[in-house]
Amino acid sequence: MSDAHDPHATLTGEHVFWADEAADAVEARNPDDPIVVKGGISPSGVPHLGNMNEVMRGYFVARVLRERGHDVRQVFTADDRDPLRGLPRKLADLDGDIVDLGDVNAGALGRNLGHPYTTIPDPFGCCDSYGAHFSNLIERSADLLGVEIEMESNTALYEDGAFEDVTRDLLADADHAREVLSEYQDKVDETYVPFNPVCENCGKLTETVLSVDAEAGTVEYECTDMDAGDQTIEGCGHRGTATLREGKLPWRFEWPAQWKILGVDFEPFGKDHAEGSWPSGADIAESVLDIDPPVPMVYEWFTLDGEPFSSSAGNVVLVSDVLELVEPEVLRYFFSKNPKKARDFSTERIDLLVDEFDRFEATYFGEVEDASERERALAERVYPFVVDEVDEDRIRLPYTFAAVLGMTEDPELREEIARREGHIPEDASEEAIEAALERVERARTWAERTDNQYNYRIERRTMPDVDVDAETAAALDDLADFIEAEDPDGETLQGEVYETAKRHDIDIGGFFATGYRLFFDDDEGPKLGQFLADLDREFVVKRLRREE
């Protein structure tokens, strides 16, 4: 494979931002405007965060090309004439709520195996079809991230005749098409025809074409069984005639056909395609369709909490879910990172991603003294692409601090504590304060969703009625003195709680329980030392001294 067609060769590390390299490769082709950046997906199930690679990688390249003065279309194809080959175990409604198959009209799916997605009823009953439902979800996810995409339905393209000429040419030169594909797929034999008609009798797609009249634009077919993984979808045996608008190309031909009819200049895709359908697609584009394939770019997949994304297994998270936890700019930042590196998206430790973004943002504004030259250069180049607008007066509350503020319901108290701890400047605008405090609700949602150490409620306005004996009172006072003098980190403070109980010869478990009652009015709670270290020190000291 030449470097021009090697999807791994697009990114070489010559620029600090990978999208600049991709844009260089596109411009090297001297394309006409509008430049077309494409992504695509078969709407087979829940469009999860991993699927957004198809949108976001193209988004950054499109932004760079527009910055350079080009007119750019970002197109996204829904391969919705594909057949339903199996029943998903999880689905999502238009609000992004994931449900089990048994919670919807699953019979509408079970009766339609082998049918194109756009002829299958929407199991939620809200859209024109199953395919339309999940295409809608993809478009909504892009919109939530501020990305404008032009959705193109393959079904509509076939029905409107957009594929007709390229399909006719392929069928007229079927021997050549078969010869090229046989270099990549063993199952291609002399009976292979690159067209799958939709049976007029049962509505299923079939792979058995009996004869072709390319000039007339028709094929004779028989509706035969279709292999779908470990199951067989039975054909009805009907023999009939289909026009070139009443079927679809197999994927290995459909993908390069999309490049031709849409004029695609750049397309990112996952590493599965890099070693699979991309080599054959590039060859078919040049050898059969007489076009140059687009500039390719392969990206590594990422995992979710250490496991592969899987709609069938339910290991998914939607964009809408994530944006309940972090700001859109944080998620855009995640996708701005080097696509050649595999990463894990951890809902459990999303605080680390937010901290990383906050440092990235602060580096852009020159607020990080120990930032490396590369960090500075990367922030300078990329930061304007991930935010809606550059605002030097923005306020970011540290994420775990925001989670601590979420332990109280009082908005005024939240602001008061944030001011006291120096996270809100005296001259901050009301708009900036309101935006900053929105992170508190997101962090609170994170604490509840993951049930972590911040998923508790603090009794702040009134001190719980806690009876302590003289030794316990002295121990609490000593712990307060230590915190006031040392301002320790969580690990140090946890150890000091133990040592204080030992020095005063009181029961360690009872001492911890007293701490929980003072702060939560409960007998248990999070790891006490770490929790107290996260709280504002003035409040902790006063509460330990039973002053407020």
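Of the 548 residues in this chain, 53% are buried. Keep in mind that what you're looking at is a predicted model. Among contacts with a separation of 6 or more, 71% link residues 24 or more positions apart.

- Start with α2 (53-67), which packs against helix α12 (residues 328-336) at an angle of about 85°, the two axes being 9 Å apart. Since angles of 65 to 115 degrees count as roughly perpendicular, that is the label for α2 against α12.
- On the α2 side, the residues making this contact are Asn53, Met56, Arg57, Tyr59 and Phe60, and on the α12 side they are Arg332, Phe335 and Ser336.
- Sorted by class, the α2 and α12 contact comes out as four nonpolar, two polar and two charged residues.
- With helix α14 (residues 373-386), α2 packs at about 105°, and here the axes are 11 Å apart. That again makes the pair roughly perpendicular.
- Here Tyr59, Phe60, Arg63, Val64 and Glu67 of α2 meet Arg381, Pro384, Phe385 and Val386 of α14. The class count is six nonpolar, no polar and three charged residues.
- Tyr59 and Phe60 turn up in both places: they are part of the α2 contact with α12 and of the α2 contact with α14.

**Helices α6 and α7, two-sided**

- A bit of background: an α-helix has 3.6 residues a turn, so residues three or four places apart point the same way.
- In α6 (164-172), the buried residues are Glu164, Val166, Thr167, Leu170 and Leu171. They sit on the same side of α6 because the arc they cover around the axis is only 165°.
- Turned away from that buried side, α6 carries the exposed residues Asp165 and Ala172.
- The cover over the buried residues of α6 includes α7, β7 (208-213), β8 (218-222) and α8.
- Helix α7 (residues 174-181) has Ala174, Ala177, Arg178, Val180 and Leu181 as its buried residues. Their arc around the axis is only 165°, so they share the same side of α7.
- Asp175 and Glu179 are exposed on the other side of α7.
- Covering the buried residues of α7 are elements including α6, α8 (251-262) and α10 (277-287).

**Loop residues and their contacts**

- Asparagine 51 is in the loop between β1 (35-41) and α2. A polar atom of its side chain is 2.9 Å from the backbone nitrogen of histidine 48.
- Leaving aside residues up to four places away in sequence, asparagine 51 touches Ile41 and Val46.
- Threonine 347 belongs to the loop between β16 (343-345) and α13 (350-364). Its relative accessible area is 12%, so threonine 347 counts as buried.
- Not counting residues up to four places away in sequence, threonine 347 touches Leu304, Asp305, Leu325, Trp446 and Thr450.
- Aspartate 469 is found in the loop between α17 (430-450) and α18 (470-486). With 46% relative accessibility, aspartate 469 is classed as partly exposed.
- The aspartate 469 side chain reaches two backbone nitrogens: that of glutamate 471 at 3.3 Å and that of threonine 472 at 2.7 Å.
- From aspartate 469 to proline 328, the C-alpha to C-alpha distance is 51 Å, and the two are 141 residues apart in sequence.

**Backbone features to look up**

- Aspartate 33 and proline 34 are joined by a cis peptide bond, with omega about 0°. Proline 34 is in the loop between α1 (18-27) and β1.
- Aspartate 451 has a positive phi, near 50°, although the residue is not a glycine. You'll find aspartate 451 in the loop between α17 and α18, and it is exposed, with a relative accessible area of 57%.
- Aspartate 521 also isn't a glycine, and its phi is positive at about 55°. Its place is the loop between α20 (508-520) and α21 (528-534), where aspartate 521 is partly exposed at 49% relative accessible area.

Terms used: Residues are numbered from 1 along each chain as its sequence is written. This is a predicted model: local features need pLDDT of at least 70, side-chain atom pairs count only at pLDDT 80 or more; totals for chains, interfaces and linings use all residues. Side-chain values use heavy atoms; hydrogens and water are left out. Helices (H or I, at least four residues) and strands (E, at least two) are DSSP runs, numbered from the N terminus. A polar contact is a pair of N or O atoms within 3.5 Å; within protein, one must be able to donate a hydrogen and the other to accept it, and residues adjacent in sequence count only if both atoms are side-chain atoms. Contact means heavy atoms within 4.5 Å. Buried means under 20% relative accessible area, exposed over 50%, partly exposed in between (1.4 Å probe, protein chains only). The arc is that of the directions from the helix axis to the C-beta atoms. Axes are lines fitted to C-alpha atoms, for helices over the stretch in contact, and angles run from 0 to 180 degrees between N-to-C directions. Angles under 35 degrees count as roughly parallel, over 145 as roughly antiparallel, 65 to 115 as roughly perpendicular and the rest as oblique. Ala, Val, Leu, Ile, Met, Phe, Trp, Tyr, Cys and Pro count as nonpolar, Asp, Glu, Lys and Arg as charged, and the others, Gly among them, as polar.
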